[in-house]
Amino acid sequence: MTRSFIIQLRLIHPAILVLLAAFASCRTVYFPSKAEYSSQRITKDLSIDSSLYRIVRPYGDSVEKSMNTIIGTVRQTLEKEQPEGTLGNFMADAYLTMGAQQFDKPIDAAFVNFGGIRLQQLPAGPLTIGKIFELMPFDNVLVLQQLSGTQLQSFLDLVAARGGWPVSGIRFSIRNKKAVDIFIRDRPLQPVAQYWILNSDFVASGGDNAEMLKSLPQLSTGYLARKALIDYVALQTRQQGFVGAQLEKRVIHAQ
Amino acid sequence: MLSRKHFIRQSALVAGGLLTAPLWAEARNAASRYRLVVLHTNDTHSRLDPFPMDGSRNQGLGGVDKRAQIIKQIREQEPHVLLLDAGDIFQGTPYFNFYKGEPEIRAMSYMGYDATTIGNHDFDAGMENLATQLRLHARFPMLVCNYDVSGTPLEGNVKPYQVFKRGPLTIGVLGVGIEGKGLIPDQLFGSTVYLDPVAEANKVAYILRKKEHCDLVICLSHLGNRYPTERKVSDEDLAKQSEEIDLIIGGHTHTFLDKPLVYTNKKGRDVMVNQVGFGGIILGRIDFEFSKFSSQKILKTEKIFISSKSVV
């Protein structure tokens, strides 16, 4: 080891060798002896760097313009409520209706996790894309999974235990935190039947404790949940001239 | 009319002033020669514009163009500045949904960031996208030493550490990332392998101190400040179990610290931990002053004197 070290050194110019030796014997070291902290709050009154402003502004203008684009009109304020609400029904209907155009499978039902609804209401009046981004800021995609009746029952029990989530294509009652009287496409749940169920990839991958879905294969076209909402607004506007959903006793508390 | 005595005193003052002026300048130069200003952010989360004026707690705060202006002013006064970030640059405003991080990275390059580390949300638009944004728009490295990214799109686009020279000072900067399991969806984390951040950081810090002869070792961390109830590795754990790290710039937990926390490392030396909330609301600043030693022996008992900078 020493030998090869010497050989290597010999390849270097003698002048550098002298310098190296000098450094090795007496290298200057610096030790941090004092530290002062003084953080700066970035407040409104501070002046701006106009060059960076000019770099960022075109992006911001384009984002703002898109966000302020009106894509439809909400007729009656849609509310986020449990076990069933108009805002949730609107979203679940959007997932089911638009999802049906993405997959070549007959989708039986679509779900929206209640916690993933990020607005309390969608107020009556003009609806902007920005509002849809507030409602659904996450870039989750819609995925399809095949469940047996038994697996679907276990997923519905989770939904029931969590107070009821928005659904489309399915109706049931909550009794003792379990799902009962379940109808899919108006027919009672069959334990041995197979169902195609649409969820966000977040839920389908086991989010919100949906452990029973985690190991099931997922079909995906990369279709964003938010895109489904925007596309559904366009569809409703074309078909009926406004955006809306009704309370239909999809999920109720059993008497 | 000036009395003779007064005149003499005045002249002496003027002469003295003339004599001492260059000395003063030299003294100031010497001081700044050995001073390093570390500026830092974390969890900026696509917050390019200030928080909107909607009555919320942070309304009107932040904004990259204001941050840039402050950084520029500091650089005009201080010759030796390091500008660092602790990850989660992405996700949080529609800028990210539309442009997948391009304006965020461009703004950081413009501001002259020297390094960042990788946050869990920086995976949000996929590793391929992150690699592309870094390749096209970043004029700074993304540092992480405890993710094995071999065979992923990030291979060659991140590295464990970088050494910086600032005047006579040598500064080593490394990065550590948080465990992806349960936090970063599998399809986004891909075949990235998470390694023990403490073990890896210690290995790299040793290299920086002993092989690269760094005078200061800084770790950019996206581990999170402290986890009192969870079994997760935090900056506190890293600080206590570290050996050669002087400063940890933290992130992930969006913690606003009034002043840096100080821990004792495995060798009995001080380690500072700082974190400045999120959204670019605050630019962290720590001024280090270095003492010069003319031999290899480092005083083992030397303590860093830490204080709040008096506002002048």
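I took a salt bridge to be a side-chain nitrogen of Lys or Arg within 4 Å of a carboxyl oxygen of Asp or Glu. The model I examined is predicted.

**Entry 1: charged pairs.** With that criterion I looked up the count between chain B and chain A, which is 3 salt bridges. I then inspected one pair, K72(B) with D49(A), and found the closest N and O atoms 3.4 Å apart. This separation lies within the 4 Å cut-off, and the pair therefore qualifies as a salt bridge.

**Entry 2: polar contacts.** I next looked up polar contacts between chain B and chain A and noted 21 residue pairs, both residues at pLDDT 80 or more.

**Entry 3: the side of chain B that touches chain A.** I listed the elements of chain B that give two or more residues to this side: helix 2 (64–77), helix 3 (94–99), helix 4 (102–111), strand 13 (282–293) and strand 14 (305–308). Strand 13 of chain B gives the most, with 12 residues. By residue class, I recorded 32 nonpolar, 16 polar and 19 charged on this side of chain B.

**Entry 4: strand pairing across the chains.** I followed strand 13 of chain B to strand 2 (residues 40–41) of chain A and found the two joined by 2 bridges, running antiparallel. For Q40(A), I noted L283(B) as the bridge partner in strand 13 of chain B.

**Entry 5: extent of the interface.** I recorded 67 residues from chain B and 40 residues from chain A in the contact. The size of an interface is often given as the accessible area lost when the parts come together. For chain B and chain A I noted about 5200 Å² buried between them, with 59% of it on carbon and sulfur atoms.

Methods
Residues numbered from 1 in each chain as written. Chains lettered and ligands numbered in written order. Predicted model: local features only at pLDDT ≥ 70, side-chain atom pairs only at ≥ 80, totals over all residues. Heavy atoms only, no water. Contact = heavy atoms within 4.5 Å. Buried area = accessible area lost by both parts, 1.4 Å probe. Polar contact = N/O pair within 3.5 Å; in protein donor to acceptor, adjacent residues only side chain to side chain. Helix = DSSP H or I, 4+ residues; strand = E, 2+ residues; numbered from the N terminus. Nonpolar A, V, L, I, M, F, W, Y, C, P; charged D, E, K, R; others polar. Pairing = 2+ DSSP bridges.
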